[in-house]
Amino acid sequence: MTLPSKMSALIQCHDGYASGGDRDMPKDLTGLVELAEVPLPEVGPGQALVKVARAAVNPSDLMFVAGLYGQPRVKGAPAGFEGVGEVVAGDTPLLGQRVSFFGSGSGTWAEYALTDAKQMIPLRPDLKDEDAAGLIVNPMTAMAMFGIAREDGAESFLFTAGGSQLGKFMIGLGKDHGLAPIPVVRRAEQVEDLRALGAAEVLVTSQDDFKEKAAEVIKARGPRVLLDAVADQISADLFFAMPKGARWITYGRLATKPPVLREMGQFIFMDKRIEGFWLSQWMREAGVEKLGKAVTDVQARFATGAWSTDISATLPLNEALETSAQALAVKDAKLLIAS
Ligand SMILES: NC(=O)c1ccc[n+]([C@@H]2O[C@H](COP(=O)([O-])OP(=O)(O)OC[C@H]3O[C@@H](n4cnc5c(N)ncnc54)[C@H](OP(=O)(O)O)[C@@H]3O)[C@@H](O)[C@H]2O)c1
């Protein structure tokens, strides 16, 4: 295949981390990335080049381009962590195949992206590009964290940002494996949909009786794992209301104000723990067998319809900047970028 020497990409406007100022999740891509013609990335040893079909816009991408993620930005480099596309170059048996991948060598919000040749996921033909574009970050995290909750042996589990894409995946897993999912959300209008997906209970933080309802549900169902994407005072209060041996596994910090820990004695006398979860670390440590099973299970769930990705819009690279604000304002759905 003849490859071009240049490509279009949404490149980062800043270097390093944000200093002070607004710590909120960006609501718009303007000022954070810009459309540019850049040289096609060169394939190095152990790498493969993918012609991107679709790329996901996840909260981690938004935090990254805003300088709020755990890795520094590189001005002029394409943004975007994950996507789906066809392998067009590299020393790999997957040449010509459709894969889901991390843009570990260069970002996925571009016509082409570089990835680690050993970490590409060859796809089942019955998997839609819309699901494959975001096959790794949220689905693999849901699988991994659900595994943690399951291994803990409780009959139910609590999770915040319960109406997020990831939250909806965890509801499906809980329902199908007999572990009662209890999502925590801000908006009451999400309750019905989450119930329909299989939530055993839904706790709504904006309701006046939230504290009483949470105490009641925790007493009745005894969840011992809190999977937390928010990390605010509500998360802390839920954790301290949970029974002996409870684990607070924090995997996101959507809240801007951190919580105050008021019950330090619980760490001494109730064997409670606070932990972190980061998919990149989990994938490094999981081992081939566990990782392979997770990849197979994730694809099977999408292919059979047990999971699906709710999409707000699929924007071409050259329109993403103008319309990202509108697409990002849509609740409960994911923005994709098409190359
Ligand atoms: N650690 C890891 O390895 C890892 C991997 C994957 C994902 N994550 C994290 O998982 C989370 C969910 O990702 P996603 O792609 O599924 O998200 P998403 O579909 O974009 O949804 C975001 C959700 O977060 C909620 N939210 C935002 N700010 C909030 C706040 N201050 N308090 C309470 N809820 C808030 C939103 O609720 P409203 O609808 O009410 O606005 C929405 O339901 C993100 O934090 C992401 O960074 C972490």
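The entries take the basis of the model, then the cores, then the ligand.

Basis. I worked on a predicted model, where local features need pLDDT of at least 70 and side-chain atom pairs count only at pLDDT 80 or more, while totals for chains, interfaces and linings use all residues. Residues are numbered from 1 along each chain as its sequence is written, and side-chain values use heavy atoms, with hydrogens and water left out.

Cores. I looked up nonpolar cores, meaning sets of buried Ala, Val, Leu, Ile, Met, Phe, Trp, Tyr and Cys residues joined through side-chain atoms within 4.5 Å; buried means under 20% relative accessible area (1.4 Å probe, protein chains only). The largest has 45 residues, and Met170, Leu227 and Phe277 have the most contacts inside it. Helix H3 (137-152) and strand S11 (225-228) are among the elements that each supply at least two residues of this core; helices (H or I, at least four residues) and strands (E, at least two) are DSSP runs, numbered from the N terminus. H3 gives the largest share, eight residues. I found another core apart from it, of 31 residues, including Leu62 and Trp109.

Ligand. I listed 22 residues around the ligand (a heavy atom within 4 Å); Arg186, Arg187, Leu279, Lys331 and Lys334 come nearest. I noted polar contacts, pairs of N or O atoms within 3.5 Å. A polar side-chain atom of Arg187 lies 2.7 Å from a ligand oxygen atom, and one of Lys334 lies 2.7 Å from an oxygen atom of the ligand. A polar backbone atom of Tyr251 is 2.9 Å from a ligand nitrogen atom.

How values were computed
Buried < 20%, exposed > 50% of the residue type's maximum accessible area, 1.4 Å probe, protein only. Polar contact = N/O pair within 3.5 Å; in protein donor to acceptor, adjacent residues only side chain to side chain.
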